[in-house]
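Dear colleague,

I am handing over a structure that may be new to you. Please look through it first, and then read the notes set out after it.

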Amino acid sequence: MSDVAILVPPIERHPGFNDALHPDRVWIRLLRVAVGLFVLVALVRKTYDATLPGSDVDIGQLYSEFTVQSNLVLGLVLVYSAGRTRARLPEWWDHLLGALTFYLVMTGIIYAVLVAPPDEPWWSWDMYWPQLAHHRLAPLFIALDWLLVTKNVRGKLSRPLTWLIYPSAFLVYSWMRGAIDGWYVYDFLDPTLEGGWPAALTTTAQVLVAFLLIALLVHAGGNARAALATRRKRR
């Protein structure tokens with residue numbers, strides 16, 4: 001590599017290509033910190049708006065949203081990773097980025113399919129700017145980061161199942177909270193609406209299948225990117 005740290009394990013394939021997209025490149029770190037800060041500032045704005053009269057959610061409800069939780073962690077991770085070289089981060093850092101890529105991609109898909117107003121095109125960027133940051137920019141940026149930035153760590157086939165632990169726990173939490181105070185974070189989880197539990201469970205099952213498929217695709221994309229940098233170890 002040129003003026004960037006040597007990754008461990010070292011880059012074995014396409015050195016020029018991987019050098020140009022090395023995670024220690026200044027332009028990549030600047031992009032990460034810029035997007036991370038924008039995501040966090042958007043969250044601050046959402047938090048402030050939740051305190052205003054007439055808001056449809058309070059702060060507790062806001063931070064019970066999958067979108068807010070995943071974007072909060074993503075913003076912090078992007079800012080933190082921008083401030084440290086890859087060699088100073090643990091090996092499992094790439095797996096964390098993969099999990100966040102999966103969560104944010106699903107955030108974008110679920111918003112476009114189930115949450116967005118019916119008359120809002122899925123490709124539209126004309127919206128309340130914190131929503132744009134969390135439902136459009138963040139998913140797109142982290143997906144491109146995951147697929148393009150050089151990585152040298154492959155994940156095992158069990159990795160997508162590990163990534164599903166948080167969404168599954170979130171689902172249980174959402175139903176438990178709804179049963180206690182009557183507030184469900186998303187309409188498709190609400191069994192008190194038309195269709196009751198059968199409709200809620202049917203839609204949730206479809207969402208879980210989508211989660212699994214996207215998790216597998218994100219996992220495969222990460223391994224394919226790593227294969228462009230390192231050779232598979234022989235057993």
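**Confidence**

Please bear in mind that this is a predicted model. The average pLDDT over the protein chain is 91, and 97% of the residues score at least 70. In the protein chain, helix α2 (residues 26-50) has the highest confidence, at 97. The lowest is found in helix α1 (residues 15-20), where the mean is 91.

**Aromatic contacts**

How many aromatic pairs does a search of the whole structure find? The search gives 15. One of them joins tryptophan 92 and tryptophan 93 in a tilted arrangement, with 6.0 Å from centre to centre and 40° between the planes.

Phenylalanine 102 and phenylalanine 211 make up an edge-to-face pair, with ring centres 5.5 Å apart and planes at 80°. Which parts of the chain does this pair tie together? Phenylalanine 102 belongs to helix α5 (residues 93-115) and phenylalanine 211 to helix α9 (residues 196-227), so the contact links parts that are 109 residues apart in sequence. Phenylalanine 102 is buried, at 0% relative accessibility. Phenylalanine 211 is buried as well, its relative accessible area being 5%.

Both of these phenylalanines also belong to one aromatic cluster, which is formed by Phe66, Phe102, Tyr103, Trp146, Trp163, Tyr166, Phe170 and Phe211. A charged side chain meets one member of this group: lysine 151 lies over the face of tryptophan 146, 4.4 Å from the ring centre.

**Cavities**

The count of cavities of 30 Å³ or more comes to 2. The largest cavity holds about 100 Å³ of space. Its lining has 16 residues, and Pro23, Arg32, Arg86, Asp94 and Leu97 are the closest to the centre. Which helices each supply at least two residues of this lining? They are α5 and α6 (129-148), and α5 gives the largest share, with 3 residues. Sorted by class, the lining of the largest cavity consists of 7 charged, 6 nonpolar and 3 polar residues.

The second largest cavity has a volume of about 40 Å³. Ser64, Tyr173, Ser174, Arg177, Gly178, Trp183, Tyr184 and Val185 form its lining. By class, that lining comprises 4 nonpolar residues, 3 polar residues and 1 charged residue.

**The largest pocket**

The largest pocket contains about 820 Å³ of space. It is lined by 32 residues, and those nearest its centre are Glu65, Thr67, Val115, Val185 and Tyr186. Two or more lining residues come from each of α2, α4 (66-82), α5, α6, α8 (165-181) and α9. Which element gives the most to the lining of the largest pocket? That element is α5, with 5 residues. The lining of the largest pocket is made up of 21 nonpolar, 6 polar and 5 charged residues.

**Two single residues**

Alanine 215 is located in helix α9. Is alanine 215 buried or exposed? Its relative accessible area is 0%, so alanine 215 is buried. Between the C-alpha atoms of alanine 215 and phenylalanine 188, which are 27 residues apart along the chain, the separation is 21 Å.

Histidine 14 is found in the segment before α1. Its phi is near 50°, a positive value in a residue other than glycine. For context, most residues other than glycine have a negative phi. Histidine 14 has a relative accessible area of 41% and is therefore partly exposed.

With kind regards

Note on methods
Residues numbered from 1 in each chain as written. Heavy atoms only, no water. Phe/Tyr/Trp six-rings, centres within 6.5 Å; stacked < 30°, edge-to-face > 60°. Helix = DSSP H or I, 4+ residues; strand = E, 2+ residues; numbered from the N terminus. Buried < 20%, exposed > 50% of the residue type's maximum accessible area, 1.4 Å probe, protein only. Lys NZ or Arg CZ within 6 Å of the ring centre and 35° of its normal. pLDDT = per-residue confidence, 0-100. 1 Å grid on protein atoms, 1.4 Å probe; cavity = no way out; pocket = protein on both sides within 12 Å on 5 of 7 lines; lining within 4 Å. Points joined across faces, edges and corners; volume = space filled by probe spheres on them. Nonpolar A, V, L, I, M, F, W, Y, C, P; charged D, E, K, R; others polar.
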